[in-house]
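Subject: Structure handover

Hello,

Here is the structure I promised to pass on. Please open it alongside this note.

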Amino acid sequence: FRHESGIHVAAILSNPLTYECVRPEVVGRERDFVLGKHSGRVAVMNKLGNMDIGLMEHELERAVAMVKEKAQDGTLIDDEVLLDIVKKARDD
């Protein structure tokens, strides 16, 4: 129930049954969206929204690009790194 891919995250936010035939709660799990090199706008917006952070459109585009670039080696972007990315996206 952990999702990184942009298309998966967007689909699950729209209709969880798209990629999850069983709700995570039914089997004692939770859904988790992570940010990495396959993440897209929707995943980044969702994560930022959960952190009560809003970005202007051009800042969001920069933040998504920075997430993908930073995660090219396969690492996942944690909240601390995302906050640093947000700061840089706003400064540029």
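Predicted model: local features only at pLDDT ≥ 70, side-chain atom pairs only at ≥ 80, totals over all residues.

The core

The largest nonpolar core has 19 residues. Those with the most contacts inside it are Leu35, Val44, Leu48, Val67, Ile77, Leu82 and Ile85. Four helices each supply at least two residues of this core: α1 (6-14), α2 (41-50), α3 (57-70) and α4 (79-91). α3 gives the most, with five residues. As background, nonpolar side chains tend to be buried together in soluble globular proteins.

Setting aside neighbours within four places in sequence, Leu48 is in contact with Ile53, Leu55, Leu60, Leu82 and Val86.

Now look at α2 as a whole. Ala43, Val44, Asn46 and Leu48 are its buried residues. The elements that cover them include α1, β2 (32-33), α3 and α4. Just after α2 comes Asp52, which takes a positive phi of about 60 degrees.

How do α2 and α3 meet, and at what angle do their axes cross? The axes come within 10 Å and cross at roughly 105 degrees. Angles of 65 to 115 degrees count as roughly perpendicular, so α2 and α3 are roughly perpendicular to each other. From α2, the residues in this contact are Arg41, Val44, Met45 and Leu48. From α3, they are Glu57, Leu60, Glu61, Val64 and Val67. By class, the contact has six nonpolar residues, three charged and no polar ones.

Note that Val44 and Leu48 turn up again here. Both are buried in α2, both are listed among the core residues with the most contacts, and both meet α3.

Salt bridges

The structure holds seven salt bridges. Side chains of opposite charge can pair when their charged atoms come close.

Asp32 and Arg2: the closest N and O atoms are 3.4 Å apart. Asp32 lies in strand β2 and Arg2 in strand β1 (residues 2-3), so this pair ties together parts that are 30 residues apart in sequence. Asp32 counts as partly exposed, at 32% relative accessibility. Arg2 is exposed, with a relative accessible area of 57%.

Arg41 and Glu61: their side chains meet in a salt bridge at 2.2 Å, N to O. This pair also links distant parts of the chain, with Arg41 in helix α2 and Glu61 in helix α3, 20 residues apart. Arg41 is partly exposed at 30% relative accessibility. Glu61 is partly exposed too, with a relative accessible area of 38%. Both residues belong to the contact of α2 with α3 described above.

Asp84 and Lys88: the closest N and O atoms of this salt bridge are 3.2 Å apart. The two residues are four apart in helix α4, so about one helical turn separates them. Asp84 is partly exposed at 33% relative accessibility. Lys88 is partly exposed as well, with a relative accessible area of 41%.

Best wishes

Terms used
Residues numbered from 1 in each chain as written. Heavy atoms only, no water. Core = buried A, V, L, I, M, F, W, Y, C linked by side-chain atoms within 4.5 Å. Buried < 20%, exposed > 50% of the residue type's maximum accessible area, 1.4 Å probe, protein only. Contact = heavy atoms within 4.5 Å. Axes fitted to C-alpha atoms, helices over the stretch in contact; angles between N-to-C directions. Parallel < 35°, antiparallel > 145°, perpendicular 65-115°, else oblique. Nonpolar A, V, L, I, M, F, W, Y, C, P; charged D, E, K, R; others polar. Salt bridge = Lys/Arg side-chain N within 4 Å of Asp/Glu carboxyl O.
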